[in-house]
Amino acid sequence: MKKYQISFFAFAIFILFSQNIISQNSYNQLDEKGKKHGLWKGFYEESKRPRYEGTFVHGKEIGVFNFYDDTKAKSIIATREFNAKDASAYTIFYNQSKNKVSEGKVINKLFEGQWKYYHLNSKNIMTTENYVKGKLEGLRTVFYLNGKIAEEISYKNNLKNGFYKKYTEKGILLEESSFKNNLYSGLATFRDSNGNVVSTGQFVNGKKSGIWQFFEKGKLVKETNMSFPENATKSKNN
């Protein structure tokens with residue numbers, strides 16, 4: 001009887017051990033060439049909580065990968081859906097309230113194409129940006145929560161290049177200017193919240209240059225040569 005009990009106990013231990021081995025071997029496998037294959041899971045180093053999981057086919061990510069925060073709740077903080085035809089992955093970032101923070105395409109870990117950013121805990125878009133190989137290229141637009149445009153600016157090679165416009169929440173144009181290599185360049189006009197011109201003039205290499213005009217309630221009150229502002233100012237009597 002004792003021998004039977006011992007044998008049964010040994011058999012139970014063997015079954016548990018075998019199940020554990022099978023469980024351990026059900027993910028994080030390599031193929032015959034040493035490439036990741038099948039389900040893979042990553043874990044946070046200190047807490048040992050799940051960090052990500054997704055599927056590889058002979059070293060290539062396929063389908064959707066989920067990324068988790070380092071909490072017991074195991075909240076999804078990002079997803080990446082890999083395109084089988086190229087190296088791109090459509091990526092969505094979430095906050096811990098399960099609301100989208102941003103989304104767009106990544107190629108070789110670099111942003112590509114249009115990216116959208118959302119207002120906090122809202123489905124309303126806050127910003128749209130365009131990227132080429134990880135660098136801003138083209139139009140960047142910022143929106144108020146009500147959907148109206150707050151700012152528009154053109155980028156080239158990750159630098160502000162081209163026109164810039166700034167609006168009030170009611171759609172009144174506050175600023176109309178341009179940039180070259182991240183610096184103000186060319187004609188600029190600034191307005192108050194009623195749309196009246198406050199000042200206008202030229203920028204050169206980020207600094208005001210030449211004759212600038214200043215207005216109050218739509219009337220010209222001063223002209224200043226900003227190249228020599230200390231001795232070239234004259235008042236206009238209206």
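Burial first: I call a residue buried under 20% relative accessible area, exposed over 50%, and partly exposed in between, using a 1.4 Å probe and protein chains only. By that rule F203 is buried, and W212 is buried too.

Housekeeping: this is a predicted model, so local features need pLDDT of at least 70 and side-chain atom pairs count only at pLDDT 80 or more, while totals for chains, interfaces and linings use all residues. Residues are numbered from 1 along each chain as its sequence is written, and side-chain values use heavy atoms, with hydrogens and water left out.

Overall make-up: I find one helix and 20 strands in the protein. These are DSSP runs numbered from the N terminus, with helices being H or I of at least four residues and strands E of at least two. Of the 238 residues, 26% count as buried.

Contacts next, meaning heavy atoms within 4.5 Å. Among those between residues at least 6 apart in sequence, 6% join residues at least 24 apart.

Then the rings. I pair Phe, Tyr and Trp (its six-membered ring) if the centres lie within 6.5 Å; planes under 30 degrees apart are stacked, over 60 edge-to-face, the rest tilted. The structure holds 15 aromatic pairs. Y52 and F65 are a stacked one, because their ring centres are 6.5 Å apart and their planes at 20°. Y52 sits in strand β3 (residues 50–57) and F65 in strand β4 (residues 60–68), so this pair ties together parts 13 residues apart in sequence. Y52 counts as buried at 13% relative accessibility, and F65 does at 3%. F203 and W212 pair edge-to-face, with 5.3 Å between centres and 85° between planes. Ring pairs also link a cluster made of Y164, F179, Y184, F190, F203, W212 and F214.

Charges over rings: I count NZ of Lys or CZ of Arg within 6 Å of the ring centre and within 35 degrees of the ring normal. K36 lies over the face of W40, 4.7 Å from the ring centre. K222 has its charged end over the ring of F214, 5.3 Å from the centre.

Last, which residues make up the largest nonpolar core? A core here is a set of buried Ala, Val, Leu, Ile, Met, Phe, Trp, Tyr and Cys residues joined through side-chain atoms within 4.5 Å. I get nine: V106, W115, Y117, Y131, L136, I153, Y155, Y164 and F179. Another core of six residues lies apart from it, and includes W40, Y52, F65 and F82.
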